[in-house]
Amino acid sequence: MATSGTPMQAKLVLLGDMGAGKSSLVLRFVKGQFFDFQESTIGAAFFSQTVAVNDITVKFEIWDTAGQERYHSLAPMYYRGAVAAIIVYDITNSDSFTRAKKWVQELQAQGSSKLVMALAGNKSDLASKRKVEAEEAQKYAEANGLFFMETSAKSAQNVNELFYEIARKLPRAQPVQPSGGMVLTDGTVAGTNKSSCCS
Ligand SMILES: Nc1nc2c(ncn2[C@@H]2O[C@H](COP(=O)(O)OP(=O)(O)OP(=O)(O)O)[C@@H](O)[C@H]2O)c(=O)[nH]1
């Protein structure tokens with residue numbers, strides 16, 4: 001991906017039910033990979049990826065959180081200070097849509113008021129098993145100030161578009177500063193079983 005100028009750092013967090021496809025979306029975006037048997041995330045995993053949109057370069061610092069309920073209490077560490085959040089559900093699983101709405105409520109209550117929030121209805125390649133209509137999700141997103149896209153980490157549909165749209169929506173005056181409060185590395189984070197990656 002093209003990069004130019006001093007990058008604007010943007011902490012981005014992915015939240016959503018276990019198995020919705022958070023890690024798969026990140027792996028598709030950062031490495032162009034997809035695995036049919038993706039391991040469940042333990043704790044969280046960190047990735048970074050830089051994109052150029054129009055005149056600016058955005059360096060996403062991506063926290064891929066674990067969807068299992070037992071990790072719920074860790075989530076504030078990852079969404080605190082984030083400028084963007086992707087809330088992921090699985091279009092074939094209506095419980096995951098319910099869970100996504102709970103994450104939206106939590107972010108609205110706890111997160112930054114300037115947070116750019118995206119709702120991703122993932123696994124759009126499984127449309128024949130669909131349980132959540134796109135219209136319903138679109139309406140919900142509009143009513144709650146999110147933008148909505150259906151994605152497929154498997155086919156890559158709308159994955160780059162999702163991250164580029166977030167980059168476009170970020171407030172332009174974001175100062176370049178080191179991420180505070182937590183040590184960010186480009187290596188594997190303690191408590192994760194996933195490879196971290198690359199800037
Ligand atoms: N068909 C299809 N399968 C997908 C897609 N995205 C993810 N999967 C599969 O869904 C399963 C769960 O994907 P993950 O990326 O691990 O989901 P997650 O949200 O990170 O799950 P946790 O780490 O448990 O929170 C894996 O078997 C993936 O291969 C998709 O777009 N289409």
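Predicted model: local features only at pLDDT ≥ 70, side-chain atom pairs only at ≥ 80, totals over all residues.
Which residues are the closest to the ligand, and how many residues surround the ligand?

View 1. The ligand is surrounded by 24 residues, and the closest are Gly21, Ser23, Ser24, Thr41 and Gly67. By class, the shell around the ligand comprises seven nonpolar, twelve polar and five charged residues. Helix 1 gives the most to this shell, contributing three residues.

View 2. Helix 1 is mostly covered, with eight of its ten residues buried. The buried residues are Lys22, Ser23, Ser24, Leu25, Val26, Leu27, Arg28 and Phe29. Two of these, Ser23 and Ser24, are also listed among the residues closest to the ligand. The elements that cover the buried residues of helix 1 include strand 1 (8-16), strand 2 (44-53), strand 3 (56-65), strand 4 (84-90), strand 5 (116-122) and helix 5. Just after helix 1, Gly32 adopts a positive phi of about 70°.

View 3. In the contact, Leu25, Arg28 and Phe29 of helix 1 meet Val159, Asn160 and Phe163 of helix 5. By class, four nonpolar, one polar and one charged residues make up this contact.

**View 4. Ile87 in the largest nonpolar core.** The largest nonpolar core has 54 residues, of which Leu12, Val13, Ala85, Ile86, Ile87, Val88 and Ala118 touch the most other members. In soluble globular proteins, nonpolar side chains tend to be buried together. When neighbours within four places in sequence are left aside, Ile87 is in contact with Leu15, Gly16, Ala100, Trp103, Val104, Met117 and Leu119.

**View 5. Glu142 in helix 4 (residues 134-143).** Is Glu142 buried or exposed? Glu142 counts as exposed because it has 12 C-beta neighbours inside 10 Å, and a residue with 12 or fewer such neighbours is classed as exposed. Glu142 and Met18 lie 124 residues apart along the chain, and their C-alpha atoms are separated by 24 Å.

Notes:
Residues numbered from 1 in each chain as written. Contact = placed C-beta atoms within 7 Å. Helix = DSSP H or I, 4+ residues; strand = E, 2+ residues; numbered from the N terminus. Nonpolar A, V, L, I, M, F, W, Y, C, P; charged D, E, K, R; others polar. Buried ≥ 20, exposed ≤ 12 C-beta atoms within 10 Å, placed from the backbone. Near = placed C-beta within 6 Å. Core = buried A, V, L, I, M, F, W, Y, C linked by C-beta atoms within 7 Å.
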